[in-house]
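Hello,

I am passing this structure on to you, and I hope you enjoy looking through it. Please open it first, and then read the notes below alongside it.

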Amino acid sequence: MDVRLELYRQMVRMRAMEKRAYDLFLRGLVKGTSHLSTGQEAVAAGFAAAMRPDDYTFATYRGHAHTLARGAPMAGILAELMGRGNGLMSGKGGSMHLTSTEHGMMGSYAIVGAHLPIAGGAAWSAQLRGSEQVAVCFFGDGTTNIGAFHEALNLAAVWQLPVLYVCENNQYMEYTPIRAVTAVERPAADRAAAYGLERVVVDGNDVDAVYETALGALGKAREGGGPSLIEADTYRHGGHSRADPGTYRPQREVEDWLARDPVPAYRTKLLAAGIAESKLAGIEDAAARETDEATKAAEDGPLPEPALVERDLWADGGAAWRN
Amino acid sequence: MAQLTYRDAVARGLAQEMRRDERVVLLGEDVAEAGGVFKTTPGLLEEFGPRRVRDTPISEQAILGAAMGAAMTGLRPIAEIMFSDFFGVGWDLLANQIAKTRYMAGGQLSLPLVVRAANGGGLRFGAQHSQDVANWVMAVPGLKVVVPSTPRDVVGLLAAAVRDPDPVVFLEAKGLYPVRGEVPDGEITDTLGSAVLRREGGDCVIVTLGLMAPRALAAAERLEREHGIAAAVLDLRSLVPLDVRAVLEQLERTGRLFTVEENPRLCGWGAEVVSICAEEGFTSLDGPLVRITTPHVPLPAADSLEDAALPSVDRITETVAKSMD
């Protein structure tokens with residue numbers, strides 16, 4: 001399949017799933033909190049398409065799209081958001097902890113910055129095993145001010161680990177503009193020099209540019225060239241979480257970014273490149289159908305059995321701490 | 001049979017497991033070139049090379065994170081946190097990530113790793129390099145907690161910890177590092193959650209582990225000699241899993257139970273042990289359950305103050321004798 005069509009397909013699926021997740025919040029079917037990445041699809045799609053099936057993804061609590069992009073079933077994701085027994089983690093993790101190891105999705109981590117050193121560890125293991133796998137770790141701009149960011153980047157650089165640290169700079173650290181709380185202009189790229197790394201900035205709304213950047217960095221890491229720190233400029237269309245309408249953002253800024261929405265922009269680009277409208281419409285229809293079917297499967301799923309509470313703390317499947 | 005110090009036993013145990021399984025790797029501050037600040041890892045770099053024995057920066061989060069990421073992708077890492085007091089620096093990785101991830105992922109991820117640290121007092125290091133943090137880690141669901149008291153057990157329990165499929169916090173009693181003991185030749189392995197009866201006695205049982213185990217034994221000898229009290233001494237060896245059966249069995253046999261623990265009193269492991277005894281061994285009780293602990297203070301530095309804070313042979317002997325009167 002044409003890579004461009006695959007990139008488009010993935011972005012359309014992500015958009016459809018996230019919109020559906022939002023509808024399900026409004027209907028009260030998704031509990032707790034949830035963090036959507038509507039508007040940031042190009043980053044997840046571009047990297048996932050460039051990765052090998054056995055590469056590792058580490059995501060943040062804003063990880064629905066990354067999980068879908070690695071091949072995890074949409075029904076399993078939506079069911080997990082809805083606390084169903086047919087969810088990816090049987091309802092044990094929820095929205096912020098999506099994990100699907102069979103798809104290389106090594107977890108979504110809800111404490112800001114915690115997963116950067118963990119991704120480094122997976123890369124270290126790949127290096128020692130000589131497997132040529134690469135760990136790709138996505139994080140937000142706010143993470144760059146957490147201590148674990150610096151510890152992880154330093155260790156990755158010193159040990160020349162095959163890991164890509166990808167900052168999805170969506171301009172806001174929760175409710176606060178990242179520039180208001182950061183000493184440098186570019187929170188990730190401007191710090192690359194501190195670890196002896198190249199300064200890399202990519203337009204995170206241009207999926208072709210993301211894909212090319214990902215291919216380059218993955219290739220370098222696989223050949224023993226060490227880590228990369230990549231800053232992808234993008235924007236979340238909604239607020240930080242379901243409770244946040246995002247009204248603190250200047251209207252002009254929101255409009256500017258919405259005009260650069262990566263999904264319709266790529267559609268326009270593909271049409272201009274001579275791809276038939278019917279092909280794109282077919283991808284869109286398929287995504288809509290998939291989303292409806294996944295929603296139904298999730299809604300029809302059973303509630304997790306209460307006995308699951310004391311299961312899977314330990315590798316023996318149980319949770320006993322005494323004999 | 002060799003006479004080894006507790007510190008030498010750590011290196012012996014690590015080497016035993018690294019020879020057995022090439023997935024076992026060691027990382028931490030000063031563990032390679034320097035052989036460990038407590039000289040618990042000498043010779044390992046020479047035998048296993050820099051790929052498997054790695055010096056790290058002073059980055060507790062990076063050390064624990066690297067161990068976790070490596071464990072979930074096929075290695076069996078052993079991370080050294082130089083002093084257990086520094087768990088605080090890496091507490092998110094230890095308590096939120098390493099401990100919770102298997103459960104949150106619905107069992108998809110396994111984390112077979114060991115976090116070793118020099119734990120507790122006895123060396124006059126002051127409050128930030130001396131506290132016994134067993135009570136911190138045992139309260140977190142998802143961490144197993146081991147505290148050996150003899151050189152032989154260091155080797156056997158370290159082997160059990162490395163081979164265990166779950167995260168194990170291995171607390172080395174730093175006050176015991178210079179203590180010698182017999183260690184049999186050849187491979188030694190133990191089972192986590194199995195207490196050892198160090199001394200038989202029909203009048204009462206003293207439940208303990210780590211640095212306090214030899215003190216409890218010395219106190220038991222004095223109790224016999226000076227007071228005619230026959231005290232059994234049960235060395236728990238691990239707190240998670242906890243050998244409750246052995247505790248209740250000794251309680252049933254003796255009717256009186258004392259705990260001797262190094263951690264500060266509030267929410268120390270002894271509280272859990274006596275609570276279980278009160279709930280499940282009540283009919284065996286011939287007297288109050290008594291806890292002997294460090295007071296609820298950070299550990300002070302001066303000789304006389306640290307000695308006053310930690311349970312001593314004198315304090316254990318006197319407390320038990322008075323209570324048994």
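This is a predicted model: local features need pLDDT of at least 70, side-chain atom pairs count only at pLDDT 80 or more; totals for chains, interfaces and linings use all residues.

The largest cavity has a volume of about 80 Å³. Its lining is made up of B:Asn119, B:Asp132, B:Ala134, B:Val147, B:Ala173, B:Leu209, B:Gly210, B:Leu211, B:Met212, B:Glu262 and B:Trp269. By class, that lining of the largest cavity has seven nonpolar, two polar and two charged residues.

The second largest cavity, at about 50 Å³, is lined by residues from chain A and chain B. From chain A come A:His97, A:Thr99, A:Met106, A:Gly107, A:Ser108 and A:Tyr109, and from chain B come B:Thr101, B:Met104, B:Ala105 and B:Leu109. Two elements give two or more residues to this lining: β2 (105-109) of chain A and α5 (101-104) of chain B. Of these, β2(A) gives the most to the lining of the second largest cavity, with four residues. Here the residues divide into five nonpolar, five polar and no charged.

Next comes the largest pocket, which holds about 350 Å³ of space. It is lined by 19 residues, and the closest to its centre are A:Trp321, B:Met138, B:Ala139, B:Val140 and B:Val240. The elements that give two or more residues to the lining of the largest pocket are α6 (134-138), β12 (238-240) and α10 (269-280), which belong to chain B. With three residues, α10(B) gives the most to this lining. Sorted by class, the lining of the largest pocket has 14 nonpolar, three polar and two charged residues.

**The sheet in chain B**

Now to the strands. Chain B has an open sheet of seven strands, in the order β3-β2-β4-β5-β7-β6-β12, and the pairing is mixed. At its edges stand β3 (53-55) and β12 of chain B, each with a single partner strand, so one side of each is left without a neighbour in the sheet.

One pair to look at is β5 (residues 114-119) and β7 (residues 168-173) of chain B, which pair in the parallel sense over six bridges. In this pair, B:Val114 stands opposite B:Val168 in β7(B). Helix α2 (residues 44-52) of chain B packs on the sheet, where it touches β2 (24-28) and β3 of chain B. The direction of this helix makes about 70° with that of β3(B).

**The sheet in chain A**

Chain A has an open sheet too, with six strands in the order β2-β1-β3-β4-β8-β7 and parallel pairing. Its edge strands are β2 and β7 (200-203) of chain A, and each pairs on one side only.

Strand β1 (residues 56-60) of chain A pairs with β2(A) in the parallel sense over three bridges. The bridge partner of A:Ala59 in β2(A) is A:Ser108, a residue that also lines the second largest cavity.

Which helices pack on this sheet? One of them is α2 (residues 41-50) of chain A, which touches β3, β4 (163-169) and β8 (228-233) of chain A. The direction of α2(A) makes about 165° with that of β4(A). Helix α7 (residues 207-222) of chain A packs on the sheet as well, touching β3, β4, β7 and β8 of chain A. The direction of α7(A) makes about 150° with that of β7(A).

**Two backbone details**

The peptide bond from B:Val240 to B:Pro241 is cis, with omega near 0°. B:Pro241 lies in the loop between β12 and α9 (244-254) of chain B, while B:Val240 is among the residues closest to the centre of the largest pocket.

In chain A, A:Glu132 has a positive phi of about 60° although it is not a glycine. This residue, A:Glu132, is found in the loop between α5 (115-129) and β3 (135-140) of chain A.

**Confidence**

Finally, a word on the scores. The predictor gives the complex an ipTM of 0.96 and a pTM of 0.97. Chain B averages a pLDDT of 98, and 100% of the residues score at least 70.

Best wishes

Note on methods:
Residues are numbered from 1 along each chain as its sequence is written. Chains are lettered from A and ligands numbered from 1 in the order in which they are written. Side-chain values use heavy atoms; hydrogens and water are left out. On a 1 Å grid over the protein atoms alone, a cavity is a set of points where a 1.4 Å probe fits but cannot get out, and a pocket is an open set with protein on both sides within 12 Å along at least five of seven lines; lining residues have an atom within 4 Å of a point. Grid points are joined across faces, edges and corners, and a volume is the space filled by probe spheres set on the points. Ala, Val, Leu, Ile, Met, Phe, Trp, Tyr, Cys and Pro count as nonpolar, Asp, Glu, Lys and Arg as charged, and the others, Gly among them, as polar. pLDDT is the predictor's confidence in each residue, from 0 to 100. Two strands pair if DSSP finds at least two bridges between them. Contact means heavy atoms within 4.5 Å. Axes are lines fitted to C-alpha atoms, for helices over the stretch in contact, and angles run from 0 to 180 degrees between N-to-C directions.
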